[in-house]
Amino acid sequence: MTASPAQNSSEARAALMAGVGCYLLWGFIPLVFQQMAHQGADAWEIMGHRAVWGVLWALLLVLIARQWTQVLAVFRQPRVLGWLALSAVLIATNWTTYVIAVNNGRTLDASLGYYLNPLLNMAAGAWLFREWIDRFGAAAIALAAIGVVLQTLALGHAPWVSLLLAFSFAGYGIIRKRVAVDAQTGLFMECLLLAAPGLAWVIFIEATGQGHFTATPAATFWLLFAGPATVIPLALFAWAARRMPLSSMGFLQFLAPTIVFFIGAMQGEALGALRIASFAFIWLGAVVFAVGAVLKVRRSSRTAETIVAPEPGLLNDPAEDRMAALNDDARPSR
């Protein structure tokens, strides 16, 4: 049975709302971390609570998706567990760098990092996986490179925060792309691996009087909020990406760093002429990237069904799901 046009239209609108919602949350999340900082928590305390409460919300997703058996299967595969441990280190590096940046007047650097990320992913795909880059992709990477050079000149040094954010998340995506584990399962395992050191750190700072979890009701609320702030946007993205065309997600992914950019600008971070020029090249590269994605989807739709490309590490590859379904259909019935 096929869905009616009304059902398809309703699901498309819901997917668009979920996609916009996840990127809005990611865009405004610096304000959440800054609220935690206002309560006295530094980046390490925030990360400790993010790991502790994030694992509970990630567990909730696993239970909703009924993937507990897959979690148990990971424990029986040391190689997969090892790769997930490495991906956990990379995503923890990314998260910690981001929190330090937005809480220390480097929000514009954080914005630049996430503008660079999709372009860096494209370059990594060509280098590591022999993926073909068309002229739009090459132009986007070249424009981004010019932007990084200008940013270096504007700052007087390489934009290390931006580069660390972009490279750590790109490395995370490369690992998650190659590890055969579902999105919710992988996220839960990463949070579980981070939860032990996170819990140890939270207990230590609370026991030594350095923690802020019970200092005020506001501090308790914001530190507890670290869990859903981490997991809910990922869940919304996972749901939307499977129901939206690549071109739409390609445009939406630049919404978050744009919001982050304006937050940094409105908070008075320095924006000289050279730095504005560097962002202009990054923005132009993002536009070229998005246009190329739209044209690629249109070309592929003329010859085959378009498959939504997932964000690294956040959900299953729909193509793998489809192959699994075909394999199930091919098995003899009893």
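**Entry 1: helices and ground rules**

For helices I use DSSP runs of H or I with at least four residues, and for strands runs of E with at least two, both numbered from the N terminus. With that settled, I looked up Ser278, and its place is in helix α13 (residues 273–303).

A note to myself before going on: this is a predicted model, in which local features need pLDDT of at least 70 and side-chain atom pairs count only at pLDDT 80 or more, while totals for chains, interfaces and linings use all residues. Residues are numbered from 1 along each chain as its sequence is written, and side-chain values use heavy atoms, with hydrogens and water left out.

**Entry 2: the whole chain**

I went through the elements of the protein chain and found 14 helices and 0 strands. Read along the sequence, the pattern is α-α-α-α-α-α-α-α-α-α-α-α-α-α.

Next came burial, where buried means under 20% relative accessible area, exposed over 50% and partly exposed in between (1.4 Å probe, protein chains only). Of the 334 residues of the protein chain, 46% count as buried.

I then turned to contacts, meaning heavy atoms within 4.5 Å. Among contacts with a separation of 6 or more, 83% come from residues 24 or more positions apart.

**Entry 3: confidence**

How confident is the predictor? pLDDT is its confidence in each residue, from 0 to 100. I read a mean pLDDT of 81 for the protein chain, with 82% of its residues at 70 or more. I flagged residues 304–334, where pLDDT stays under 50 and the model has 43 contacts beyond four places in sequence.

Leaving aside neighbours within four places in sequence, Ser278 is in contact with Gly147, Leu150 and Gln151.

Ala286 is in helix α13 too, and I found this residue buried, with a relative accessible area of 6%. Its C-alpha atom is 9.8 Å from that of Gln253, which is 33 residues apart from Ala286 along the chain.

I placed Val74 in helix α3 (residues 68–75), where Val74 is buried at 3% relative accessible area. Which residues does Val74 contact, leaving aside neighbours within four places in sequence? I listed Val80, Leu81, Leu84, Val181, Thr185 and Met189. Val74 and Met189 are 115 residues apart along the chain, and their C-alpha atoms are separated by 8.5 Å.

Glu190 sits in helix α8. I noted that Glu190 is buried, with a relative accessible area of 1%. Not counting residues up to four places away in sequence, Glu190 touches Leu84, Ser87, Ala88, Tyr172 and Arg176.

**Entry 4: aromatic pairs**

For rings of Phe, Tyr and Trp (its six-membered ring), a pair needs centres within 6.5 Å; planes under 30 degrees apart count as stacked, over 60 as edge-to-face and the rest as tilted. By this rule I have 16 aromatic pairs. One of them is the tilted pair of Trp68 and Phe188, at 6.0 Å centre to centre and 55 degrees between the planes. This pair links distant parts of the chain, with Trp68 in helix α3 and Phe188 in helix α8, 120 residues apart. Trp68 is partly exposed at 40% relative accessible area, whereas Phe188 is buried at 6%. I also found a cluster in which ring pairs link Phe33, Tyr98, Tyr114, Phe169 and Tyr172.

**Entry 5: a backbone angle**

Most residues other than glycine have a negative phi. I stopped at Arg66, whose phi is near 55 degrees, a positive value in a residue other than glycine. Arg66 lies in the loop between α2 and α3, and I found this residue exposed, with a relative accessible area of 76%.

**Entry 6: the second largest pocket**

For pockets I work on a 1 Å grid over the protein atoms alone: a cavity is a set of points where a 1.4 Å probe fits but cannot get out, and a pocket is an open set with protein on both sides within 12 Å along at least five of seven lines; lining residues have an atom within 4 Å of a point. Grid points are joined across faces, edges and corners, and a volume is the space filled by probe spheres set on the points.

The second largest pocket holds about 270 Å³ of space. Which helices each supply at least two residues of its lining? They are α2 (43–65), α4 (78–102) and α8 (183–207). Among the lining residues I noted Trp44, Trp95, Leu194 and Trp201.

Key:
pLDDT is the predictor's confidence in each residue, from 0 to 100.
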